[in-house]
Amino acid sequence: MIDFSNPLHLLAYGVMAAGLAFDLVGCIGLVRLPDVYNRLQAGTKCVTLGTCLLLLGVLLRFGFGSMGWKALLCLWFIAMTSPTAAHAIARAAHRAGYALWKGSVGDRYAEDDEGRNIQPAAAADRPKEA
Amino acid sequence: MKKILALFVFAFLFWLAVTWTFDVASIVTGAVVCAALAAALVGVGLDEAPLLLLPHRLFWALAYVPVLFLYVVRANLDVAYRVLHPALPIRPGIVRARTSLKTPAGRVLLANSITLTPGTLSVDLTGDVLYIHCIHVPEDDPDGAMERSLARFETFIRRIFE
């Protein structure tokens, strides 16, 4: 049901098509890249952008109604949870001993014994209770 | 107290966005539920949440969204190029970078921003030290290059949370 006379609809479907393209590249990257860390890069991020663009397309197509707001919220949740999950997987993989791909150029994390050999300059400040 | 208020405001806006009905019954129900939730969850909410009620901080938080989006798109095109290139031109490795941000929320937002920008993935955060997996490590001074590219995020995050 594409209304070709409505520029906003065309924009919406264009954004969705771009999202699908990024999702596809993410999947290709998942197959082609060598180790768990590089695969996380493609698998979580190209796919994050792709899915966010799909949801953005939904927002453009349906406007700020009940559906548009939900699309926007899903977009926000994906943008917040996907990097957190990728970070957790990468950290767990490193601690479980999964080596970097042999062509990798350096691993500061292993050099620093997974953060135990480094002295943090300052602990995080708690904001003052206002 | 301010934290409860902040949590209430965000929960209530969330309620309005999800239900998208504006009759009295729906709004009253939402207000009561959100107030109870805010009071119950004050212990696990972000300590920095009240800061987002301040207009200038909210402004920078909203201004950060399109900026981050541009970086994400640009970096995605870079990763797409590397993935689709027949020779797979990658030079992966883990670098170390120190952040000048002080608050926990600021550091978490920075780590998430790094991960969202393709080509870089936060592996661990110890105090002010970030370990970042890069899909293409620069030839000379990889740690310094990473710290310089963190600076553009830090300027924004500092205005939001510090």
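**Chain B, layout.** I started with the order of elements in chain B, which reads α-α-α-β-α-β-β-α from the N terminus. My tally for chain B is five helices and three strands. This is a predicted model, so I keep the confidence scores beside everything else I look up.

**Chain B, confidence.** The mean pLDDT of chain B is 81, and 99% of its residues score at least 70. Which element of chain B has the lowest mean pLDDT, and which the highest? I found the lowest, 77, at helix H5 (residues 142–161) of chain B, and the highest, 87, at helix H2 (residues 24–40) of chain B.

**Chain B, a helix pair.** Before the pairs, a reminder to myself: two packed helices are described by the angle between their axes and the distance between the axes. I then took helix H3 (residues 55–84) of chain B with H5(B): their axes are 8 Å apart and they pack at an angle of about 150°. Angles over 145 degrees count as roughly antiparallel, so H3(B) is roughly antiparallel to H5(B). I noted the crossing of H3(B) and H5(B) as left-handed. On the H3(B) side the contact is made by B:Arg57, B:Trp60, B:Ala61, B:Tyr64 and B:Val67, while H5(B) brings B:Phe156, B:Arg159 and B:Ile160. Sorted by class, this contact of H3(B) with H5(B) has six nonpolar residues, two charged and no polar ones.

**Chain A, confidence.** Over to the other chain. Chain A averages a pLDDT of 79, with 80% of the residues at 70 or above, that is, scoring at least 70. Among its elements, H1(A) has the highest mean pLDDT (88) and H4(A) the lowest (69). I flagged residues 126–130 of chain A, where the pLDDT is below 50; this stretch has six contacts in the model beyond near neighbours in sequence.

**Chain A, H1 with H2.** How do the axes of helix H1 (residues 7–32) of chain A and helix H2 (residues 36–62) of chain A cross? I got roughly 165°, with the axes coming within 7 Å. H1(A) and H2(A) are therefore roughly antiparallel to each other. The contact of H1(A) with H2(A) splits into 19 nonpolar, eight polar and three charged residues. As for handedness, H1(A) passes H2(A) in a left-handed crossing.

**Chain A, H2 with H3.** By class I have 21 nonpolar and five polar residues in the contact of H2(A) with H3(A), and no charged residues.

**Where A meets B.** Last item, the contact between the chains. I find 50 residues from chain A and 46 residues from chain B in it. Which elements of chain A give two or more residues to the side that touches chain B? My list is H1, H2, helix H3 (66–95) and helix H4 (108–111) of chain A. H3(A) supplies the largest share of that side, 13 residues. By class, the side of chain A that touches chain B has 28 nonpolar, 12 polar and 10 charged residues. For the record, I also wrote down the scores of the model, ipTM 0.75 and pTM 0.78.

Notes:
Residues are numbered from 1 along each chain as its sequence is written. Chains are lettered from A and ligands numbered from 1 in the order in which they are written. This is a predicted model: local features need pLDDT of at least 70, side-chain atom pairs count only at pLDDT 80 or more; totals for chains, interfaces and linings use all residues. Axes are lines fitted to C-alpha atoms, for helices over the stretch in contact, and angles run from 0 to 180 degrees between N-to-C directions. Helices (H or I, at least four residues) and strands (E, at least two) are DSSP runs, numbered from the N terminus. Angles under 35 degrees count as roughly parallel, over 145 as roughly antiparallel, 65 to 115 as roughly perpendicular and the rest as oblique. A crossing is left-handed if the near helix is turned anticlockwise from the far one by less than a right angle, and right-handed if clockwise. Ala, Val, Leu, Ile, Met, Phe, Trp, Tyr, Cys and Pro count as nonpolar, Asp, Glu, Lys and Arg as charged, and the others, Gly among them, as polar. pLDDT is the predictor's confidence in each residue, from 0 to 100. Two residues are in contact if their C-beta atoms, placed from the backbone, lie within 7 Å.
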